[in-house]
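Reader: I am new to this structure and would like to learn how its features are read, one at a time. Could we look at it together?

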Amino acid sequence: MPLPQQRMLYVGRQPPREEEHKIRHHKTSAWIVVEMKRWAGRVALVTGASAGIGASVARRLVAEGMKVVAVARRIDRLQAMGNELKGKPGTLIPIKCDLTKDDQVLSMFAQIKRDLGGVDVCVNNAGFCIPNDLLKGSPKEWRDMLDLNVVALCLCTREAVASMRERGVDDGHIFHINSIGGHRVSNNTSLNFYSGTKHMVTMLTEALRRELKTSNIRITSISPGLVETEFVISSGFSEEMSKQIYSKMPSIQADDITNTLIHVLSAPPNVQVHEVIVIPTKTD
């Protein structure tokens with residue numbers, strides 16, 4: 001994101017490239033720190049927070065002083081994270097919820113309203129993949145992916161925006177953790193239906209932007225390439241296969257996606273960063 005240009009005087013010489021890079025990095029970091037202060041004490045909901053990108057985002061938002069509602073089915077992991085983060089500027093509130101159960105999602109939002117007032121930032125991170133070719137897959141596999149990757153995302157978004165509007169919050173932010181698979185067709189045919197759900201997320205992001213354009217509530221899709229997390233194993237691949245994938249293909253870390261999210265969240269309230277694709281260098 002471009003920053004206001006500041007000229008620096010170097011008498012008789014140009015600034016070395018590495019020195020110029022340090023100056024730009026320092027200005028960017030200082031700007032993010034200042035802009036993130038407006039989120040201190042406010043409430044963020046992070047789904048799929050027990051591991052990977054979700055856990056990374058939850059930790060960072062707590063470090064930035066936010067009250068983070070961390071949601072997943074593995075409550076033991078969330079509770080351990082909450083204990084780990086005690087003493088940080090913000091707080092982590094773990095809630096066990098199966099996002100594919102509508103009643104549990106609505107109960108979760110009711111609890112957030114009762115205990116915290118409502119949601120100011122919603123990070124729709126939860127998602128999963130059942131790898132199978134379209135011609136070999138089953139309706140149950142397709143429905144399971146749709147229920148979490150699309151329907152749960154839409155329900156959490158609907159409830160989060162309703163929470164913002166009910167309280168007159170006009171600077172809230174919705175994040176969809178999407179995928180590079182939402183922008184192209186993978187060469188791996190077993191990812192075809194998963195990629196289809198992520199293409200829906202790409203379209204739904206733009207549709208929501210249009211529905212929200214009379215307000216200052218922002219919507220951002222962040223589409224990672226291969227991220228080194230538990231996602232591959234949780235998708236049904238063996239640990240050995242997971243190691244092979246990461247050894248053969250360039251990947252990035254969960255914190256790389258978190259840093260991107262913080263950069264977007266810290267943008268001035270009138271700036272809409274709508275779509276970000278984050279992939280490793282040397283990616284095909």
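Reader: Which residues line the largest cavity?

Author: Rolling a probe the size of a water molecule over the atoms shows where empty space is left. On a 1 Å grid over the protein atoms alone, a cavity is a set of points where a 1.4 Å probe fits but cannot get out, and lining residues have an atom within 4 Å of a point. Here Thr47, Leu99, Asn124, Ala126, Leu148, Ala152, Leu153 and Cys156 line the largest cavity, and helix α5 (residues 139-166) gives the most to this lining, with four residues. This is a predicted model, in which local features need pLDDT of at least 70, side-chain atom pairs count only at pLDDT 80 or more, and totals for chains, interfaces and linings use all residues. Residues are numbered from 1 along each chain as its sequence is written, and side-chain values use heavy atoms, with hydrogens and water left out.

Reader: About how much space lies in the largest cavity?

Author: About 50 Å³ lies in it, where a volume is the space filled by probe spheres set on the points, joined across faces, edges and corners.

Reader: In what order do the seven strands of the open sheet stand?

Author: Strands (E, at least two residues) and helices (H or I, at least four) are DSSP runs, numbered from the N terminus, and two strands pair if DSSP finds at least two bridges between them. The order is β3-β2-β1-β4-β5-β6-β7, with parallel pairing. Because β3 (91-96) and β7 (275-278) stand at the edges with a single partner strand each, one side of each is left without a neighbour in the sheet.

Reader: Over how many bridges do β2 and β3 pair?

Author: Strand β2 (residues 67-72) and β3 pair in the parallel sense over six bridges; Val69 has Ile93 in β3 as its bridge partner, and Ala72 stands opposite Lys96 in β3.

How values were computed. 1 Å grid on protein atoms, 1.4 Å probe; cavity = no way out; pocket = protein on both sides within 12 Å on 5 of 7 lines; lining within 4 Å.
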